[in-house]
Amino acid sequence: MMKNAAAPCHIGLVGQSIGLHKAQMDSELNPPEIFDRRRRRAMRERAARRRGDMFLWNHIAQDIAERLSAVTRNFEHALIIGPIGRWHQQILPPAVSRTIVALSHGEAERSAPASLEEDKLTFASGSFDLIIAAGTLDSVNDLPGALIQIRHILRPDGLFLGHMFGAGSLGTLKSIFLEADAARVTPHMHPQIDLRSAADLLVRAGFALPVADQDLLDISYRDWRSIVSDLRDAGIGNALTGPRPYLGRDIAERLDAAFGVRAAAAGTVTERFAHLYLSGWAPSENQPRPAKRGSAQVSLADFLSKDQPD
């Protein structure tokens, strides 16, 4: 494996979008169960037993730590949700009190005192001034509700830092499976939300100063099995509800053939991981606000005209 490129891009406030979680956004009181909660926990349990290099989680933890270090304020009590809690010492300053919540019992035994889900949080309002949820938000059933709950348990002017794998991730693996499936096409990785929709969800959840940005990470692989292994190490994959159809005894051979076509020239293929990062603040009277429309004292046209030669 070799890291080829990490291309950042950025988007601020967004007023309109559609994405994977549109159904929930249209029916927030009774969101559909898109993801199988038991299957999702099982993937996390399996990941907790594996001993891979966890490069995806290391990459996320490093990015979260860098983003937090750029914030010029001190935090007292942080909540870390999910597997990223394993990296709490790298992310948080030593003086910050922390509560770490796992998503499975296997992870909780190693690093966390409890096992919860992002859309079923049980903490009181205003319990934390920093909340970090990274790596798993793309498979939450009620993502809008989860973000609202996170804002609710933040203290005024508390910070939320989130991450999810976004649209554009695993395009190579998806295409290989699509080709190998032939007439038996079935999803092997759940769809992901795009950057614009992620930004819109922050706005809908009521965060102040919301920002969503994207980091595109390209990795070179010599075998499709290595991609699958990295996904299992990270505990991510297809958590959609519904049965898993039989793919045939020769599925590995068909995948080998599809991968071989793509790797024929260089001997490797490039796989992409689209990392979406979210940030927002719980509303507070002390936060800066944009000036009211029409409140400017100087006309832009007059200002520009001063730069013109006489």
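Is D213 buried or exposed?

Tutor: D213 is buried, with a relative accessible area of 13%. Buried means under 20% relative accessible area, exposed over 50%, and partly exposed in between, with a 1.4 Å probe and protein chains only. A caution on the source: this is a predicted model, in which local features need pLDDT of at least 70 and side-chain atom pairs count only at pLDDT 80 or more, while totals for chains, interfaces and linings use all residues. Residues are numbered from 1 along each chain as its sequence is written, and side-chain values use heavy atoms, leaving out hydrogens and water.

Now the partner. D213 forms a salt bridge with R67, and their closest N and O atoms are 2.8 Å apart. The rule for a salt bridge is a side-chain nitrogen of Lys or Arg within 4 Å of a carboxyl oxygen of Asp or Glu. D213 lies in strand 7 (residues 208–221) and R67 in helix 3, so the pair ties together parts 146 residues apart in sequence. Helices (H or I, at least four residues) and strands (E, at least two) are DSSP runs, numbered from the N terminus. R67 is partly exposed, at 27%.

L92 touches L68, A78, I80, R98, L130 and I132, leaving aside residues up to four places away in sequence; a contact means heavy atoms within 4.5 Å.

The model has five aromatic pairs. Rings of Phe, Tyr and Trp (its six-membered ring) pair if their centres lie within 6.5 Å; planes under 30 degrees apart count as stacked, over 60 as edge-to-face, and the rest as tilted. W57 and W87 have ring centres 6.3 Å apart and planes at 20°, so they are stacked. W57 sits in helix 3, while W87 is in the loop between strand 2 (77–81) and helix 4 (88–91), 30 residues apart. W57 is buried at 0%, and W87 is buried at 7%. F55, F165 and F273 form one aromatic cluster.

Back to charges. The salt bridges number 15. One of them joins D119 to R37, with the closest N and O atoms 2.9 Å apart. D119 lies in the loop between strand 4 (114–115) and strand 5 (128–133) and R37 in helix 2 (residues 37–49), so this pair ties together parts 82 residues apart in sequence. D119 is buried at 9%, and R37 is buried at 16%. E33, R37, R41, E117 and D119 are linked in a network of salt bridges.
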